[in-house]
Amino acid sequence: MAKVWIDGETSIEVEHAEGIDIVHLTVDDKEIAVSAGKTILEAVERAPGIGNIPALCHHPAVKPYGACRICTVEVSEDGGNRFKFVAACLYPVKEGLIVKTQTEKIKKLRKGIIELLLARCPNVKRIQELAEEYGVEKPRFVLGDQDCILCGLCVRACQEIIGKSAISLVNRGIYKEVAAPFYAYELSGDCIGCGDCAFVCPTGAIKMGDDGHPILPKVKIPYAEIEAMMKKETVSS
Amino acid sequence: MVEQVKKLLEKRLESAEGLESLRQSILAKRDPQRICISVCGGTACRAAGAEGVVDAFLDEIERRELQVQVSLKETGCPGFCERGPLVVIEPKKILYQQVKPEDVEEIIDETIVAGRVVERLLYTDPATKQKITYESDVPFYKKQTQNILGTNRQIEPTNIEDYIAVGGYSALTKALDMTPQKIVEEVKKSGLRGRGGGGFPTGRKWQSCLDAKGDVKYVICNADEGDPGAFQDRAILEGNPHSVLEGMIIGAHAIGSHQGFIYVRNEYPLAVRHARIAIEQAMDYGLLGKNILGSGFDFSVTIIRGGGAFVCGESSALMASLEGKVGEPKAKYVHMAEKGLWERPSLLNNVKTWANVPLIINKGADWYAKIGTAGSKGTMIFSLVGNIVNTGLVEVPMGITLRQMIFDIGGGIPDGKKFKAVQTGGPSGGCIPEQLLDTPVDFDELTKLGSMMGSGGMIVMDEDTCMVDVARYFIEFLKGESCGKCTPCREGINRMSQILSNITQGKGKPEDLDTLQDLAEVLSAGALCALGQTAANPVLSTIRYFKDEYLAHINDKKCPAGVCRELVRFSIDPEKCEGCLRCIKECPTGAITGEKKQPHTINQDMCIRCGACYDVCKFKAVIKR
């Protein structure tokens with residue numbers, strides 16, 4: 001018999017049930033049980049009151065992506081001798097795994113990530129709330145004016161749920177942004193106006209327009225500029 | 001058509017004995033005493049004009065009808081790129097350096113026909129001022145252990161018979177007789193660690209791929225070498241592609257894979273071409289394809305050219321790119337060896353790692369494990385670049401000190417300048433200062449110093465280098481190469497770059513160092529892949545060893561090395577100035593004024609700090625500070 005917590009207050013005594021692949025893990029000193037194949041984040045979501053893992057780029061309807069990194073936790077696979085940082089939304093649960101979601105290191109890391117996100121998107125409510133929770137006052141960096149945190153939920157929802165891929169992430173690094181494929185001026189006919197992208201967006205960067213189609217965040221390098229740049233390069237070379 | 005097929009079938013080897021008798025017949029046809037002119041055909045020598053030299057030799061040999069006595073081959077890169085184009089006259093192995101097409105006639109006249117040495121083309125040892133006749137006596141080579149690069153100079157990369165003649169594919173015949181587990185054991189016992197950057201024990205990777213369930217498994221060669229200043233993978237793939245193929249076939253046999261990929265960057269056209277030729281030839285000889293050497297084992301290799309993203313050298317991003325997706329890394333909580341390319345078990349190794357495999361199988365794990373240090377076995381190939389006398393590739397046993405590498409082999413710093421730091425491990429590595437030069441070079445020691453082995457890049461910097469500027473350069477590079485998927489890497493590196501730019505422009509604040517430290521922690525703990533996790537190393541290591549320079553930039557608004565433009569002032573010492581007007585002519589903005597034979601002055605408001613006056617002044621009258 002083993003004591004297993006089902007939420008922050010309640011625990012039950014359970015026997016290992018034959019034939020069911022159950023994995024036991026300890027989250028912030030409380031042992032919980034979940035079916036194998038889940039991620040840490042999914043396991044913790046099923047045990048209300050245990051652990052605290054914020055997440056921005058995660059949505060149960062789409063595959064985990066691991067981009068925002070705010071769900072980072074410390075885990076130990078060897079009974080607590082060595083801990084490492086992993087993204088809870090991606091890390092698969094294992095028998096005997098020890099998970100810490102609230103250590104000082106974790107708080108400091110999340111604070112750092114939130115500071116970066118707040119500097120990028122100072123006007124986004126969800127980020128402001130997180131900043132307050134983690135004690136980030138004013139970012140030490142020059143403030144941006146973006147609303148999009150590039151979590152990719154809109155793109156993934158459009159691809160994985162709707163099956164349309166009417167929008168995509170283009171470019172890389174700091175130039176990465178959500179745009180219509182090939183930086184087209186407008187969304188193509190592939191967009192069916194379902195509003196899924198606006199619905200999953202954690203920051204409100206995508207809104208539905210009056211014409212029934214989503215309005216994407218303004219792209220930094222519109223296609224017209226790229227065209228002009230290319231023309232210039234061809235002329236000079 | 002029938003004739004062609006017949007011809008192909010004749011070439012095809014059906015057994016290990018067939019390969020052995022082919023080797024004997026190749027060797028029997030070759031006279032080791034015959035004069036052979038071997039010209040390095042590596043990219044660096046080609047850039048210096050090796051192709052023109054080859055053409056000149058061919059013309060000259062034809063003109064004098066020397067085809068019978070003399071042969072010519074275009075070999076792989078032996079590493080002495082600084083002195084290219086390199087020509088070695090065999091069998092005596094006389095080394096001529098920096099050969100130009102117009103030298104060819106003299107070489108033929110003197111050396112080939114008359115048997116004399118052309119003194120002026122010999123290498124001069126800068127230390128002793130002695131001319132050195134034979135290749136093996138050159139100090140640059142003498143202190144190396146060229147287990148892998150050594151073969152490059154013996155073979156023509158486009159001729160499989162050359163590789164077979166030096167014992168090529170004999171490791172494969174040995175491996176085909178071994179059980180997969182036995183091969184993996186041998187690799188484990190050798191202590192070989194991944195040469196691409198991570199230093200993960202190769203044998204362990206092979207074991208988990210062998211143990212992984214699945215009937216379809218893949219073997220991948222990572223030739224997406226992207227570190228600035230690193231070119232050793234290129235040298236192997238273009239200089240000895242068959243050694244990589246042989247390693248891959250052995251690996252495939254060990255894990256039970258039938259399909260391999262070479263992911264090579266498209267910026268390496270010669271490597272792509274030579275790898276392609278090697279695959280075709282290996283297919284013709286029955287060393288690749290169906291029923292390899294009659295063993296019943298099938299394996300084929302496809303070349304995939306990279307699209308130019310640095311991050312695609314990271315294994316999960318590389319596999320995404322191979323699948324035709326955007327080259328972005330994924331979390332590797334389940335190893336690629338178990339679930340990699342198309343979710344199948346995939347064995348990915350670096351070019352250098354693959355090239356080591358035939359050596360281990362042929363000479364045995366015990367022989368291999370004798371070379372190197374306790375934790376790092378074998379030799380490592382470094383690319384020695386930057387402010388160094390002998391730029392080139394250096395293959396040394398693990399455990400040699402940085403000092404030996406830079407001063408004994410590399411010949412030290414040019415122009416009598418002082419050494420300042422060496423940057424190891426590419427953009428994710430760190431800068432190591434003079435006082436730590438006696439550190440032995442291996443995976444663990446470099447990590448302890450806050451740097452890393454990486455892929456073996458080694459950038460030497462002299463006293464005129466500004467370490468803040470170096471950190472800024474590498475962060476700028478990584479900013480451009482970050483895929484932008486995860487927050488810490490995309491945002492964090494960008495902010496680091498802003499802070500470093502500010503510091504180099506004299507806009508740094510005392511608290512900037514703490515901010516950089518905080519950002520570094522967020523990156524190393526939070527980033528998704530190794531690019532982000534190690535991105536702060538150049539910053540952290542320069543802060544660790546050269547904090548004074550940061551403080552000088554931030555507090556005194558001075559760049560001690562005189563590199564950061566905004567912090568440099570040029571002025572003219574009236575005592576030394578002879579009034580020659582030279583700097584006035586050179587100044588692009590007309591900031592310098594003065595009469596002939598009278599000391600000149602610089603108008604600071606007009607000066608753009610380009611340093612042109614500093615460079616041209618013969619009297620050292622221009623002061624930079």
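Author: Welcome! A residue is buried if 20 or more other C-beta atoms lie within 10 Å of its own, exposed if 12 or fewer do, and partly exposed in between, with C-beta atoms placed from the backbone. This is a predicted model in which local features need pLDDT of at least 70, side-chain atom pairs count only at pLDDT 80 or more, and totals for chains, interfaces and linings use all residues. Residues are numbered from 1 along each chain as its sequence is written, while chains are lettered from A and ligands numbered from 1 in the order in which they are written.

Reader: Why is A:Asp28 called partly exposed?

Author: A:Asp28 has 17 other C-beta atoms within 10 Å. A:Asp28 sits in the loop between strands E3 (22–27) and E4 (30–35) of chain A, and its phi is near 45 degrees, positive although the residue is not glycine.

Reader: And what makes B:Lys597 count as exposed?

Author: B:Lys597 has 10 C-beta neighbours inside 10 Å. Exposed requires 12 or fewer, so B:Lys597 qualifies. This residue also has a positive phi, near 65 degrees, and belongs to the loop between strands E17 (592–593) and E18 (601–602) of chain B.

Reader: Which residues of helix H3 of chain A are buried?

Author: In H3 (residues 125–133), these are A:Ile127, A:Leu130 and A:Ala131. Helices (H or I, at least four residues) and strands (E, at least two) are DSSP runs, numbered from the N terminus.

Reader: How do you know that the buried residues line one face of the helix?

Author: Looking down the axis of H3(A), the buried residues fall within an arc of 105 degrees, so they line one face. The arc is taken from the directions from the helix axis to the C-beta atoms. On the other side of H3(A), A:Lys125, A:Glu129 and A:Glu132 are exposed. Helix H2 (104–120) of chain A is included in what covers the buried residues.

Reader: How many residues does the contact take from chain B and from chain A?

Author: The contact takes 25 from chain B and 25 from chain A, where two residues are in contact if their C-beta atoms, placed from the backbone, lie within 7 Å. H21(B) gives the most to the side of chain B that touches chain A, with eight residues.
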